[in-house]
Amino acid sequence: MSSLTLDPEVRHELRIFAVLAAVFGAAYFLPVGTPRFDAAVTEALELTKWYAREHFVLCLLPAFWIAGAIAAFVSQASVMRYLGPKAPKPLAYGVGSVAGTLLAVCSCTVLPLFQGIYRMGAGLGPATAFLYSGPAINALAIIMTAKVLGASLGLARAVGAVAFSVVIGLLMAFLFRREEQQKASAAAALPEPEAGRPLAHTAAFFSVMVGILVFANWGAASQASGFFAAVHGVKWWLTSALAVAFALMLWRWFGIELARISVVAVAIVGTAIAMPGHPTWPVLVGVLGLAWLTAGRDDEAGEWFNQAWGYTKQIVPLLLAGVLVAGLLLGRPGHEGLIPSPWISSLVGGNSLAANMFAAVSGAFMYFATLTEVPIVQGLVGSGMGPGPALALLLAGPALSLPSMIVLQSILGLKKTAVYVSLVVLVATLSGWCYGLLVT
Amino acid sequence: MKIQILGSGCAKCRSLTAIAEQAAQDLGLAYELEKVTDVKRYPEFGVMFTPALVVDGVVKLSGKVPSLEEAKRLLT
């Protein structure tokens, strides 16, 4: 064996050589000039531009602030109390199925929390419910799914994830009811609950932020009259009114200096007047202004900024890569990327059980970095994927991946992991199929 | 003293490691740092929220990244 073990220094140089060789090979055989490849590159760039123009400022940036606020202002310890060893079972299942919204903003926290609930808390059932629904119902995922893929698929994803997480949790608890889990000796060390603001303040603060997000992204209605069209006509007035309320809260509840808030307000109004018809710019000024107001403070507003900025720098590069790859492979809706559309529609078009099953199985094994499932499913739908298989992929995809299965296997053991994976695939297939029947 | 950082290698865990090391060096402590990346070992410490900072077996902080000042306070 000694001949196979290389000096680390040699191995390092060899790795550099391998990378250079791979880059050379790729460049040498680069299919530039073939129509399909050139069109796919254009598609990748067009899709990225579309995201930058339509989704980034109005939707994604406010969503990062909301996610940051959840992490900074919602006491996670108080949520975990309902998932403790003494929590009543129905309550634990209920909380476990929706706790992902508050606890799982980053996918890297899901597995430690799952293990915590399993070993130190309410047990296998509620822990599984949390594991399944968490990645699908965190604030960023819901917002992006509804904005890019449409409200109906966004709602189906959230409702499907919550409802079926309870089903999967109960089934797991039932199937393994004989296996008494020895609890870890150490009691869970929960972070000290911070002295919080009144609940009404927190609720009002979050409502205003969600309101700004919803009205700023209110789409044009198909009819010229009616409620949705009426709201669309005044959406920027509503958004502005909420922004004023938001500014007052920052001043009264977070102790941010009125003078600095006024500077930002003047900048926003000035931008709006200077660039009429381009609401993206005043919103961008507002977001940057909020960063200026909160960054570098020692209080909870500073913590809020740190959380929001943490998500921003973690997720934006991943999402950018995801959008580029989705554009390259699948193209914008109505255009083709590298993969011919007929392949997609023959595999996952329509709403057959086989199509739903294929989408669920491939979703379960594929790894989706946070939020990248959205542009990928968008590309697939544009290339002929049916709505049912799209939901199946959205439900099975972020919940599981090959890497997460390996970690899960080390926590749960092979048998429980295999049962869990099969249940996820089964439930995702069935919910996709039902959704497909409903909408077509 | 023994400093342990619990976390699976995400961005927050890395920044906690950097801050804890900086704080220990600023304080001139003799320390030994261990990164616990194996999820299975978290229950030994009773930790659910990562990243977590454990000093000589005591969980000092869990679920957030402290400022440098806060980290120094936790290490003394």
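Domain bounds here come from an automatic or database domain assignment. The model is predicted: local features need pLDDT of at least 70 and side-chain atom pairs count only at pLDDT 80 or more, while totals for chains, interfaces and linings use all residues. Residues are numbered from 1 along each chain as its sequence is written, and chains are lettered from A in the order in which they are written.

**Exercise 1.** Describe how domain 2 of chain A meets domain 3 of chain A.

*Solution.* 
Step 1. Take the bounds: in chain A, domain 2 covers 76–175 and domain 3 covers 322–439.
Step 2. Take the contacts (C-beta atoms, placed from the backbone, within 7 Å). In chain A, 25 residues of domain 2 touch 23 residues of domain 3.
Step 3. H9(A) gives the largest share, twelve residues.

**Exercise 2.** Describe the packing of H9(A) against H21(A).

*Solution.* 
Step 1. Compare the axes, which are lines fitted to C-alpha atoms over the stretch in contact, with angles from 0 to 180 degrees between N-to-C directions. Helix H9 (residues 151–175) and helix H21 (residues 414–439) of chain A have axes that come within 10 Å and cross at roughly 145°.
Step 2. List the contacts: A:Gly160 and A:Phe164 are among the H9(A) residues, and A:Leu423 and A:Ser431 among the H21(A) residues, that take part.
Step 3. Sort these residues: 14 are nonpolar (Ala, Val, Leu, Ile, Met, Phe, Trp, Tyr, Cys and Pro), three polar (the others, Gly among them) and none charged (Asp, Glu, Lys and Arg).

**Exercise 3.** Is A:Leu395 buried or exposed, and which residues does A:Leu395 touch?

*Solution.* 
Step 1. Locate A:Leu395: helix H19 (residues 387–396) of chain A.
Step 2. Apply the cut-offs: a residue is buried with 20 or more other C-beta atoms within 10 Å of its own, exposed with 12 or fewer, and partly exposed in between, C-beta atoms being placed from the backbone. A:Leu395 is buried because 33 other C-beta atoms lie within 10 Å.
Step 3. Name the neighbours: leaving out residues up to four places away in sequence, A:Leu395 touches A:Ala136, A:Arg157, A:Gly160, A:Ala161, A:Ala428 and A:Ser431.
Step 4. Check one pair: A:Leu395 and A:Ser431 are 36 residues apart in sequence, with C-alpha atoms 8.6 Å apart.

Definitions and conventions: Helices (H or I, at least four residues) and strands (E, at least two) are DSSP runs, numbered from the N terminus. Two residues are in contact if their C-beta atoms, placed from the backbone, lie within 7 Å.
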